Amino acid sequence: MKRREQRGFSLLELLVALLVVVIIISLADINIGDGGQDRLLEDQVRNIAGISQYALDEAELRGVDYGLLLQQRMVDGEPQFAYSWRELRPEGWRPPEEAAELFAGDVLPPGLELELVLDDLAVDSLSIEAESEDAAPQVMLYASGEVTSGALDVRWVESGDLAWRLEWDLLGRFQALRRGEPDFEDDDG
């Protein structure tokens, strides 16, 4: 019986296989498109919900009112929405001093439109304005444990499609809903 000699892959064969994998990954990346922007938006909406819940807990523990401020700002000549947190102090609304990194605000991706509804009334005070350190927030998280009930719809300007809806009730139960619909996989009950 003749024994066949085993041989591995040549360097050229490995390079061709690697090139094919890189091309497939590149094509997949192109087809995904705004996937990175969608993930960023999801992270930010869930961050707003999570920090809101934390701020409400802190408000109750410390006896200090907190708030969520939503504003439209000009970023690189383009209007974008931003969110930040405020704490009520004797001198007025200011950025929180404690846990400042946690309460750091952020700017949402471009091409979005926000619609805020509080106590069943639309809020149209998300206009472009100069950043003010003592600007009053729209969403109030009171030391009594109550919240101004409402919802925040995040839509893509180009299509008008609802990307996310953030809802909360008077007791501060926040829920992030993709396209305004409950995500049954993440549903805790």
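Student: Which residues do ring pairs link into a cluster?
Tutor: Y54, Y66, W85 and F103 are tied together by ring pairs. For pairing, the centres of Phe, Tyr or Trp rings (Trp by its six-membered ring) must lie within 6.5 Å; planes under 30 degrees apart are stacked, over 60 edge-to-face, and the rest tilted. Bear in mind that this is a predicted model, where local features need pLDDT of at least 70 and side-chain atom pairs need 80 or more, while totals for chains, interfaces and linings use all residues. Numbering starts from 1 along each chain as its sequence is written, and side-chain values use heavy atoms, with hydrogens and water left out.

Student: How many aromatic pairs turn up in the whole structure?
Tutor: The search gives 4 aromatic pairs. In one of them, W168 and F174 have ring centres 5.5 Å apart and planes at 25 degrees, so they count as stacked.

Student: Are W168 and F174 buried or exposed?
Tutor: Both W168 and F174 are buried, where buried is under 20% relative accessible area, exposed is over 50% and partly exposed is in between, using a 1.4 Å probe and protein chains only.

Student: What share of the contacts joins residues at least 24 apart?
Tutor: It's 59% of the contacts between residues at least 6 apart in sequence, with contact meaning heavy atoms within 4.5 Å.

Student: OK, the core. Which members of the largest nonpolar core touch the most others?
Tutor: L41, L141, L152, V154 and W168 do, out of 33 residues. Such a core is a set of buried Ala, Val, Leu, Ile, Met, Phe, Trp, Tyr and Cys residues joined through side-chain atoms within 4.5 Å. Elements giving two or more residues to this core include α2 (35–62), β1 (66–75), β8 (150–156) and β9 (162–168). Helix α2 gives the largest share, 8 residues.

Student: What is L152 in contact with, leaving aside its neighbours within four places in sequence?
Tutor: L152 contacts L70, L114, E115, L116, W164, R165, L166 and W168.

Student: Switching to charges: how many salt bridges does the count come to?
Tutor: The count is 11, taking a side-chain nitrogen of Lys or Arg within 4 Å of a carboxyl oxygen of Asp or Glu. One of them joins E42 and R178, with the closest N and O atoms 3.0 Å apart. That pair links distant parts of the chain, since E42 sits in helix α2 and R178 in strand β10, 136 residues apart. E42 is buried at 19% relative accessible area, and R178 is partly exposed at 31%.

Student: Which residues does R89 bridge to?
Tutor: R89 meets E87 at 3.0 Å, N to O, and E97 with the closest N and O atoms 3.5 Å apart. Salt bridges that share partners join R62, E87, R89, E91, E97 and E98 into one network. Within it, R89 and E87 are both buried, whereas E97 is exposed at 61% relative accessible area.

Student: And R86, buried or exposed?
Tutor: R86 is buried, at 7% relative accessibility. R86 is in strand β2 (residues 78–89), and its side chain makes a 3.4 Å polar contact with that of S84. A polar contact is a pair of N or O atoms within 3.5 Å; within protein, one must be able to donate a hydrogen and the other to accept it, and residues adjacent in sequence count only through side-chain atoms on both sides.

Student: Last one: which residue has a positive phi although it is not a glycine?
Tutor: That's A99, with a phi of about 55 degrees. Most residues other than glycine have a negative phi. A99 lies in the loop between β3 (92–94) and β4 (106–107), and is partly exposed at 29% relative accessible area.

Technical notes: Helices (H or I, at least four residues) and strands (E, at least two) are DSSP runs, numbered from the N terminus.
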